[in-house]
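Open the model in your viewer and keep the selection panel at hand.

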Amino acid sequence: SEDGHLPLDEVQRRFSDGDLVGWQARVGALAPSAGMRLGAAIHSVRAVPAGSLAGVAEFAAPFGDQPGLPLHVHLSEQPAENAAALAFYHRTPTELLAAAGALGAATTAVHATHLSSPDLASLGQSRTTVCFCPTTERDLADGIGPARALADAGSPLSLGSDQHAVIDLLEEARGLESDERLASLQRGRFQPSELLAALTAHGSIGWPEAGRLEAGALADLVAVRLDTVRTAGCSPAQALMAATAADVDTVIAGGRPIVTSGQHQLGDVAGLLASSIAPLWTDAPRMTRSEATR
C-alpha cells in the first residue's frame with residue numbers, strides 16, 4: 001500500500017482499531033480499576049505506519065497536570081525489520097521513532113537487538129528504557145543485543161519475556177549477563193546490583209513507586225530461598241546467578257500474599273494449567289518438532 005504496510009488479513013483484523021482515531025477513542029474510553037494503570041503501545045514500526053507514530057506519542061504524552069502514559073514499542077528485533085524500514089522510509093526504526101517524538105524516559109523499547117551506532121546513541125541520550133528478553137531472543141534466534149553499550153550510553157535496562165516458553169525472571173537476568181559474555185568474550189559485564197535493578201526498577205512502565213524497599217514504596221516483595229540444591233552456599237548477591245523460579249518462596253503484591261512457602265494462593269497451579277491446556281490439544285493438529293519450538 002501507499003504507506004508501505006500490507007493490509008491486515010482476516011485473523012489480524014479482529015485485533016485492529018482500524019486507524020489512529022479508532023485507537024485513540026478506544027484507549028480514551030478505558031477506565032482503569034484499582035491496581036491497574038493505562039499504557040500505550042506502538043507494537044513496532046512494522047505494525048504502525050510512520051504517519052501514525054507521532055499521534056500515538058502525542059496521545060501518551062503528559063498534558064497539563066496529567067502524567068501521561070507509559071509507551072511500549074518492539075524495536076529492531078530482527079534485521080528484516082531494519083531492512084524494510086530503510087527500504088521504504090530510508091530511516092531505521094529508531095530514527096522513525098525519534099522523529100515522531102516517541103523516545104524518552106516514559107518509553108520502553110523491547111528487544112533493541114540490531115542497532116546502528118546512531119540508534120544506540122539516540123536511545124541513550126533520550127533515556128529510553130530498553131527491555132531485554134534474553135530467553136525469547138535466544139529461542140527465536142533473534143540475536144544478542146548491545147545491553148552493556150546501551151546502559152553505558154544512558155538507557156536504563158529492564159528485563160521481561162515476550163513469550164510463554166519460559167517464565168523466569170531470574171533466568172532472564174542470568175541470560176543478560178551470559179549473553180554479554182558470549183558476545184564480548186569478557187566476564188563480569190554486569191554487577192549483581194545492575195542485574196537486580198533491571199529486574200525490579202521498572203519506573204518506565206508507570207509504577208515509579210515500585211521496585212525498591214523503602215517507606216512509601218509499594219509492598220511488592222519476592223523472597224528467594226538460599227537453601228535449595230541450586231542456592232545452598234551462595235551469598236544473596238550470587239543468587240541471581242544460581243536460583244530459578246522454583247526457588248521463589250514468597251511473593252507479595254501490594255501487601256497481599258500471592259505465594260507463601262512456595263505455595264500459590266490458587267492451589268495446585270501446575271494441575272490447573274494442565275487441566276486447562278489439555279482440552280486445547282485434543283482438537284489441535286499435531287505439530288512437528290520445529291513448529292513446537294518456535
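Start with the lining of the largest pocket and colour it by residue class. This model is predicted. The lining divides into 33 nonpolar, nine polar and four charged residues.

Now show the pocket itself. Its volume is about 1,800 Å³. In total, 46 residues line this largest pocket. Select L169, L221, V222, V248 and V251: these are the lining residues closest to the pocket's centre.

Next, switch to cartoon. Which elements each supply at least two residues of the lining of the largest pocket? Three are helices: α9 (169–184), α10 (192–200) and α11 (269–282). The strands are β6 (221–224), β7 (248–253), β8 (256–260) and β9 (263–264).

**Second stop: the next pocket**

Move to the second largest pocket, with a volume of about 1,100 Å³. Select L8, R46, A47, V48 and P49. Of the 31 residues lining this second pocket, those five are the closest to its centre.

Then pick out the elements around the second largest pocket. α2 (20–28), β1 (40–42), α3 (50–60) and α4 (79–89) each supply at least two lining residues. Which of them gives the largest share of the lining? That is α4, with five residues. Colour by class again: the lining of the second largest pocket has 17 nonpolar, eight polar and six charged residues.

Keep α2 and α3, which both supply residues to the lining of the second largest pocket, and hide the rest. How do these two helices pack, roughly parallel or roughly antiparallel? Their axes make an angle of about 15 degrees and lie 10 Å apart. Angles under 35 degrees count as roughly parallel, so α2 and α3 are roughly parallel to each other. The crossing of α2 past α3 is right-handed.

Show side chains at the contact. From α2, select L20, W23, Q24, V27 and G28. From α3, select S52, G55, V56 and F59. By class, the contact of α2 with α3 has five nonpolar and four polar residues, and no charged ones.

**Last stop: the cavity**

About 60 Å³ of space lies in the largest cavity.

Select its lining: F132, P134, E137, G143, I144, G145, A147, G175, L176, D179 and E180. Two helices, α7 (134–139) and α9, each give two or more residues to this lining. α9 gives the most, with four residues.

How values were computed. Residues numbered from 1 in each chain as written. Predicted model: local features only at pLDDT ≥ 70, side-chain atom pairs only at ≥ 80, totals over all residues. Heavy atoms only, no water. 1 Å grid on protein atoms, 1.4 Å probe; cavity = no way out; pocket = protein on both sides within 12 Å on 5 of 7 lines; lining within 4 Å. Points joined across faces, edges and corners; volume = space filled by probe spheres on them. Nonpolar A, V, L, I, M, F, W, Y, C, P; charged D, E, K, R; others polar. Axes fitted to C-alpha atoms, helices over the stretch in contact; angles between N-to-C directions. Parallel < 35°, antiparallel > 145°, perpendicular 65-115°, else oblique. Left-handed = near helix turned anticlockwise from the far one by under 90°. Contact = heavy atoms within 4.5 Å.
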